[in-house]
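This report describes one protein chain, going from a single residue to the overall form. Please look at the sequence and the 3D view before reading on.

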Amino acid sequence: MSAQDNIKRLYLGDVQLLENQFLNYSELNAIGFDLKKDYTLPAGCLLNAGEHLEEVDVKCDGTMTLTANSLPADKAFEVMVYTQEMYDVWNAYKLAYNCEYILSMPAITAVAIAATVDGETVSEQLPQEGFDMMVIEEPISELIFNGFSANVNIDVDEIFMDYAIAGEGEEPGDFTRINATGNGNGEWAATEVDLNVTDGLKKGATYTLYFTFASSYCNLINDNLRYDNDGEMYKVQFTLKPSTDIPGDVDGDGYVTSADITALYGVLLLNDYSSIVNGDQDGDGVITSSDVTTVYSILLGSDGE
Ligand SMILES: [Ca+2]
Ligand SMILES: [Ca+2]
């Protein structure tokens, strides 16, 4: 028995390995490469590394060459690579020699969201891509975004969601960030966010909530740590129920404005009822100029427009 029998974790810089270098490292569990130059993994290198090999971490700034028979085919250890180029090298070897190792790049691997729609809790696991806009068909009164959880397969410093709300026919403007809490790799979560998405929006109108997830780590590795529906963003469309209980609010958008006067004139002059939710403001059963007067007096008596 030799000393290397007990070595469980190894981290290597630009040191050229020998053939069959780790033949006797029967306890080896994790090996990391941090290579600045071109590098060749020699024949037999990890071929006989013990039963316990679970993690191979490969950072290489140069070109890496995997010699035939340098890696065991029948062990399902995990290989983490950091660039598409390195992924292609390791994937080609895996396919050529029918290897069982599991190849990964840094990624947010899963995201779930939770929301409350008119008091009903909805949770949804979001696919990495192919998420069609979710349309809430029935008009709603309130949409609360409760929070999200995200899984990541590498150490990161932060994971966050960016969201924006846009009206019908509008592009999303400035995004607002919600940070999750967590530590390193594994699960991150933002709970009890309880963001009232519908707060301050116009009643009766249709909106789209846009959101994406990312980690700042993505800047280092070509955007791999985005979870954004393949660049399309996640979208939820909803329509707010018109308001029916605000005096003077003829069009039901929740506010008393000149638009409510315009809506009444639409009826009186053009027989156009399309903007009318509460036209009969004085309660006499019909829409007349008296309703215009009623709304004017509310409008002028208020602090509004
Ligand atoms: Ca109104
Ligand atoms: Ca009336």
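Is Gly279 buried or exposed?

Gly279 is buried, because 20 other C-beta atoms lie within 10 Å. Here a residue counts as buried if 20 or more other C-beta atoms lie within 10 Å of its own, as exposed if 12 or fewer do, and as partly exposed in between, with C-beta atoms placed from the backbone. This is a predicted model, in which local features need pLDDT of at least 70 and side-chain atom pairs count only at pLDDT 80 or more, while totals for chains, interfaces and linings use all residues. Residues are numbered from 1 along each chain as its sequence is written, and chains are lettered from A and ligands numbered from 1 in the order in which they are written.

Gly279 sits in the loop between helix 2 and helix 3. Apart from neighbours within four places in sequence, its contacts are Val250, Leu264, Val267, Ile287 and Asp291. Contact means that the C-beta atoms of two residues, placed from the backbone, lie within 7 Å. Met233 is 46 residues from Gly279 in sequence and 39 Å from it in space, C-alpha to C-alpha.

## Helix 2 and helix 3

Helices (H or I, at least four residues) and strands (E, at least two) are DSSP runs, numbered from the N terminus. The axes of helix 2 (residues 258-270) and helix 3 (residues 289-301) come within 10 Å and cross at roughly 175 degrees. Helix 2 is therefore roughly antiparallel to helix 3. The cut-offs for such angles are under 35 degrees for roughly parallel, over 145 for roughly antiparallel and 65 to 115 for roughly perpendicular, with the rest oblique. Axes are lines fitted to C-alpha atoms, for helices over the stretch in contact, and angles run from 0 to 180 degrees between N-to-C directions.

On the helix 2 side, the contact is made by Asp260, Ile261, Leu264 and Leu268, and on the helix 3 side by Ser289, Asp291, Val292, Val295 and Tyr296.

An open sheet of 5 strands has the order 1-2-4-6-7, with parallel pairing. Strand 1 (9-12) and strand 7 (102-104) stand at the edges with a single partner strand each, so one side of each has no neighbour in the sheet. Two strands pair if DSSP finds at least two bridges between them. Strand 2 (residues 30-35) and strand 4 (residues 55-60) pair in the parallel sense over 6 bridges, and Ala30 stands opposite Glu55 in strand 4.

Strand 8 (residues 108-117) and strand 9 run antiparallel and are joined by 7 bridges. Ala114 stands opposite Ser123 in strand 9. Their hairpin has 2 residues between the strands, and Asp118 takes a positive phi near 45 degrees there.

Lys235 lies in strand 18 (residues 234-239). Lys235 counts as partly exposed because it has 17 C-beta neighbours inside 10 Å. Leaving out residues up to four places away in sequence, Lys235 touches Met133, Thr208, Leu209 and Tyr210.

## The chain as a whole

The protein chain has 3 helices and 18 strands. Its C-alpha trace spans about 100 × 30 × 30 Å along the principal axes. The radius of gyration is 30 Å, whereas a compact globule of 305 residues would have one near 19 Å. This radius is taken over C-alpha atoms, and the globule rule is 2.2 Å times the number of residues to the power 0.38. Of the 305 residues, 26% count as buried.
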